[in-house]
Structure formats: C-alpha cells, structure tokens
Amino acid sequence: MTDTDPPLAPEELAQRLTEVFALVGPLYRRVQRKVEQATPIEGLSVGVRAVLDLLREHGPMTVPQMGRAQALSRQFVQRMVNDAVAGHLAEIIPNPAHQRSSLVRLTEGGRAAITAAVTREQSLLRRVEGDLTDAEVTACVRVLGRMLDLFDQVDVD
C-alpha cells in the first residue's frame with residue numbers, strides 16, 4: 001500500500017476486515033494459551049496479567065476504568081484485582097477524586113512480575129519471521145484501532 005492508494009469501497013472494506021477478524025480470534029486464543037502456559041513462571045493468570053499491564057501502562061486506576069479499557073465486566077476485573085491483591089502484586093489505595101471508587105496500583109512485586117512477563121513476551125515476539133516494516137506495523141495498529149473503535153460502545157456488564 002502507498003499513500004496514494006484510494007480508500008476501499010465499504011463492501012470491499014467489509015470483506016477485507018472480515019479477513020482480519022478471521023486472524024484476530026485465533027491469534028488472541030493462542031496468545032492467551034501461551035500466557036496461561038507461562039503461569040508457573042510469573043504466577044500470573046491471563047486476567048491478572050491484563051490488570052497488571054494496565055497499571056504498568058497507565059498508573060493507578062479504578063476497577064471501572066480498567067473494565068472500560070479492556071472491555072471486561074467490572075465484576076471480572078474486580079475478581080482479577082482481588083487475585084492480584086491477594087498475591088501482593090497490587091494494592092488498593094484511596095482515590096482523592098472519588099471516595100467510593102478506590103484506586104488500584106502496582107506493588108513492587110507486581111511491577112517485577114509484569115516486567116518479567118513483558119520481557120519474556122517481547123523475547124518471543126522478536127522471533128516473528130519476515131521483513132515487516134514500521135509502516136506495515138503502524139498500518140496494522142491503525143486498522144485494529146479503527147475496528148476497536150467501531151465496537152467501543154459494546155456493553156460489557
């Protein structure tokens with residue numbers, strides 16, 4: 001693709017995006033299995049890993065904020081936060097902006113665990129074969145971001 005390529009017609013775009021969906025589902029499930037296989041290494045379930053990664057990226061957050069960010073129910077996120085807190089990977093702190101919705105933040109142990117997980121995952125991703133360019137990865141992120149935006153209003157609770 002070049003900068004001069006015209007946008008796809010809606011019908012053709014829909015067909016091409018269906019190809020993307022056909023790849024994203026199996027990719028997500030395989031990555032999830034790989035994370036689960038590594039649970040003995042870092043001691044992180046897929047859900048706890050997602051919580052820790054959000055906190056690593058964004059700093060302290062509320063459970064509702066995490067649920068919205070990951071399109072997961074607040075109840076599921078709360079269970080994962082409870083697991084993270086029980087494992088001393090995260091802690092609950094007061095929220096100065098909202099008394100009834102506490103903040104969750106990483107502990108040093110949580111930071112070490114998510115850093116180890118991300119480092120291991122990046123080591124694995126370095127093995128992706130091919131001659132992918134920055135422009136191709138940027139285009140992929142842009143396409144997936146647009147697809148995610150389409151479903152931004154899906155109710156997860």
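This is a predicted model: local features need pLDDT of at least 70, side-chain atom pairs count only at pLDDT 80 or more; totals for chains, interfaces and linings use all residues.
The relative accessibility of A38 is 4%, and because buried means under 20% relative accessible area, A38 counts as buried. Leaving aside residues up to four places away in sequence, A38 touches G43 and R120. By contrast, the C-alpha atoms of A38 and D131, which stand 93 residues apart along the chain, are separated by 28 Å.

The protein as a whole comprises seven helices and two strands, and from the N terminus on its elements follow the order α-α-α-α-α-β-β-α-α. Along the principal axes, the C-alpha trace of the protein spans about 50 × 35 × 25 Å. Of the 157 residues in the protein, 25% are buried. Among the contacts in the protein with a separation of 6 or more, 53% are accounted for by residues 24 or more positions apart. The mean pLDDT of the protein is 89, with 94% of its residues reaching 70 or more; confidence is lowest in helix α2 (residues 39-42), where the mean is 67, and highest in β2, where it is 98.

In soluble globular proteins, nonpolar side chains tend to be buried together. The largest nonpolar core of the present model has 21 residues, and those with the most contacts inside it are L52, L55 and M66. The elements that give two or more residues to this core are α3 (46-58), α4 (63-70), α5 (74-86), β2 (103-106) and α6 (108-125), and α3 gives the most, with five residues. For L52, the residues touched, not counting those up to four places away in sequence, are L44, A84, L89, L106, G110 and I114.

The packing of α3 against α6 was then examined. The axes of these two helices, α3 and α6, come within 10 Å and cross at roughly 100 degrees, and because angles of 65 to 115 degrees count as roughly perpendicular, α3 is described as roughly perpendicular to α6. On the α3 side, R49, L52, D53 and R56 take part in the contact, and they meet G110, I114, V118 and E121 in α6. By residue type, the contact of α3 with α6 divides into three nonpolar, one polar and four charged residues.

S101 lies in the loop between β1 (90-93) and β2, and S101 is buried, with a relative accessible area of 15%. Not counting residues up to four places away in sequence, S101 touches T62, P64 and N95.

Most residues other than glycine have a negative phi. Against this background, A71, in the loop between α4 and α5, has a phi near 55 degrees, a positive value in a residue other than glycine. H88, in the loop between α5 and β1, likewise has a positive phi, of about 60 degrees, although it is not a glycine. As for accessibility, A71 counts as partly exposed at 48% relative accessibility, whereas H88, at 61% relative accessibility, counts as exposed.

Definitions and conventions. Residues are numbered from 1 along each chain as its sequence is written. Side-chain values use heavy atoms; hydrogens and water are left out. A nonpolar core is a set of buried Ala, Val, Leu, Ile, Met, Phe, Trp, Tyr and Cys residues joined through side-chain atoms within 4.5 Å. Buried means under 20% relative accessible area, exposed over 50%, partly exposed in between (1.4 Å probe, protein chains only). Helices (H or I, at least four residues) and strands (E, at least two) are DSSP runs, numbered from the N terminus. Contact means heavy atoms within 4.5 Å. Axes are lines fitted to C-alpha atoms, for helices over the stretch in contact, and angles run from 0 to 180 degrees between N-to-C directions. Angles under 35 degrees count as roughly parallel, over 145 as roughly antiparallel, 65 to 115 as roughly perpendicular and the rest as oblique. Ala, Val, Leu, Ile, Met, Phe, Trp, Tyr, Cys and Pro count as nonpolar, Asp, Glu, Lys and Arg as charged, and the others, Gly among them, as polar. pLDDT is the predictor's confidence in each residue, from 0 to 100.
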